[in-house]
Amino acid sequence: MALSRVRLFQPHGEGTRLLPQASGLVELPYSSSDDDDDDMAEQDPPKPFSHCVRYLAFLWNLLFLLLGLLTLAVGVWGLLTKSPVPGGQRGVSLGSDPMLLLVLAGLGASTVSLAGCLGALRASPCLLRFFLGAVLAFGGLQLLGGLLLLLLWRQLRGALRDLLLLCLLRYQEDPDLQFLVDEVQQSLRCCGLESYRDWESNPYFNCSAPGVQACGVPASCCRAPLQDGSVPNAQCGFGALALGEVAVGALLHSGGCGAALAAWLRGQAGTIAAGATTLVLLEAVGALLALRVLGEVTAVRVWQ
């Protein structure tokens with residue numbers, strides 16, 4: 001007896017299979033999973049790592065790593081070379097030492113840059129994600145700081161004034177503050193915060209204080225701080241607070257540094273903005289390179 005064949009209706013283009021049944025052979029549709037597996041097998045594997053991008057990301061982060069290590073070394077050197085005051089104790093506590101800012105900045109930059117270097121060199125997704133997160137966080141802090149600077153400028157001016165006054169009070173206690181104050185007074189040709197009379201609040205320069213510095217001001221206030229044009233004269237400001245206005249005007253830069261510093265900052269606003277923009281662009285380039293390497297690493301691991 002001849003076997004009958006029953007053909008079920010199938011959409012055009014779909015394959016069929018012949019299955020034995022009790023009454024004969026019946027053609028049934030087969031699953032399309034086999035086609036899907038074939039399609040996946042035919043897909044091209046992801047492209048290999050772009051060695052140019054990886055090495056460029058490595059060198060980019062290596063540059064910032066070296067800069068961070070240099071900043072860290074300067075900060076540590078500044079902390080270790082502080083001359084102690086009589087009695088064997090430091091002039092200021094570690095928490096208020098300005099060199100601590102360099103140490104923290106250098107340590108943070110070195111850590112993030114090292115993660116970027118190793119992440120690009122070893123194709124480590126964990127290190128690359130850490131690097132990207134740190135760069136985004138740092139960029140967010142920069143943006144937040146800029147907004148606060150614009151919105152709270154008047155309050156920040158008051159905080160800057162208090163900081164400058166604190167520098168005057170601790171002038172002899174910390175070599176870093178002494179160097180900073182001298183540089184500001186010499187560069188801006190000013191003396192004190194509002195006027196040279198602000199040095200009366202310093203316990204070493206007060207007229208009632210013992211010693212040769214009483215009623216004096218730092219040599220950086222003098223119009224001619226060099227003796228004979230070449231030798232620094234550290235005593236040129238001694239006794240200046242006891243002189244009259246005319247004599248002081250001939251001897252010192254009697255104007256305060258607060259107004260001079262504010263005017264200098266306004267004049268340098270364009271340079272400061274350009275520097276901040278350049279820094280943001282450099283960070284963006286490093287983040288894009290790391291993101292490219294992370295994308296290639298992720299694609300290869302998914303394929304495997």
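Mentor: A residue is called buried under 20% relative accessible area and exposed over 50%, with partly exposed in between. Arg-292, with a relative accessible area of 45%, is therefore partly exposed. Please keep in mind that this is a predicted model.

Trainee: With which residue does Arg-292 form a salt bridge?
Mentor: The partner is Glu-296, and the closest N and O atoms of the two are 3.1 Å apart.

Trainee: How many salt bridges does the structure hold?
Mentor: There are three. Another of them joins Glu-194 to Arg-161, with 3.4 Å between the closest N and O atoms. Glu-194 is in the loop between helix 6 and strand 4, while Arg-161 is in helix 5 (residues 153-169), so this pair ties together parts 33 residues apart in sequence. Arg-161 has a relative accessible area of 38% and is partly exposed.

Trainee: Which residue pairs with Arg-197?
Mentor: Arg-197 forms a salt bridge with Glu-200, and their closest N and O atoms are 2.8 Å apart. Arg-197 is partly exposed at 30% relative accessibility, and Glu-200 is also partly exposed at 30%.

Trainee: Let us change topic. How many disulfides are there?
Mentor: The structure holds four disulfides. If the bonded cysteines of the chain are numbered in sequence order, the pairing reads 1-8, 2-5, 3-4, 6-7.

Trainee: What does the disulfide of Cys-190 and Cys-257 look like?
Mentor: Their sulfur atoms are 1.9 Å apart. The link is right-handed, with 95° about the S-S bond.

Trainee: Are Cys-190 and Cys-257 buried or exposed?
Mentor: Cys-190 is buried, at 1% relative accessibility. Cys-257 is buried as well, at 6%.

Trainee: What about Cys-191, which cysteine does it bond with?
Mentor: Cys-191 forms a disulfide with Cys-221, and the sulfur atoms are 2.2 Å apart. This link is right-handed too, with 80° about the S-S bond. Cys-191 and Cys-221 are each in the loop between helix 6 and strand 4, 30 residues apart. Cys-191 is buried at 0% relative accessibility, and Cys-221 is buried with a relative accessible area of 0%.

Trainee: Which cysteine is joined to Cys-222?
Mentor: Cys-222 is joined to Cys-236, with an S to S distance of 2.1 Å. The torsion about their S-S bond is about 105°, so this disulfide is right-handed.

Trainee: How accessible are Cys-222 and Cys-236?
Mentor: Cys-222 is buried, with a relative accessible area of 4%. Cys-236 also counts as buried, at 11% relative accessibility.

Trainee: Now to the surface. Which residues form the nonpolar patch?
Mentor: The patch includes Leu-141, Leu-143, Leu-144, Trp-153 and Leu-156. Together its members have about 1100 Å² of accessible area.

Trainee: Which helices supply it?
Mentor: Helix 4 (125-151) and helix 5 each supply at least two residues of the patch. The largest share, eight residues, comes from helix 4.

Trainee: Where is Leu-141 placed, and is it buried or exposed?
Mentor: Leu-141 is in helix 4. Leu-141 counts as exposed, because its relative accessibility is 58%.

Key
Residues numbered from 1 in each chain as written. Predicted model: local features only at pLDDT ≥ 70, side-chain atom pairs only at ≥ 80, totals over all residues. Heavy atoms only, no water. Disulfide = S-S within 2.5 Å. Buried < 20%, exposed > 50% of the residue type's maximum accessible area, 1.4 Å probe, protein only. Helix = DSSP H or I, 4+ residues; strand = E, 2+ residues; numbered from the N terminus. Salt bridge = Lys/Arg side-chain N within 4 Å of Asp/Glu carboxyl O. Patch = residues over 30% accessible without salt bridge, like charges linked within 9 Å, V, L, I, M, F, W, Y side chains within 5 Å. Areas by Shrake-Rupley, 256 points an atom, 1.4 Å probe, with all protein chains shown as cover.
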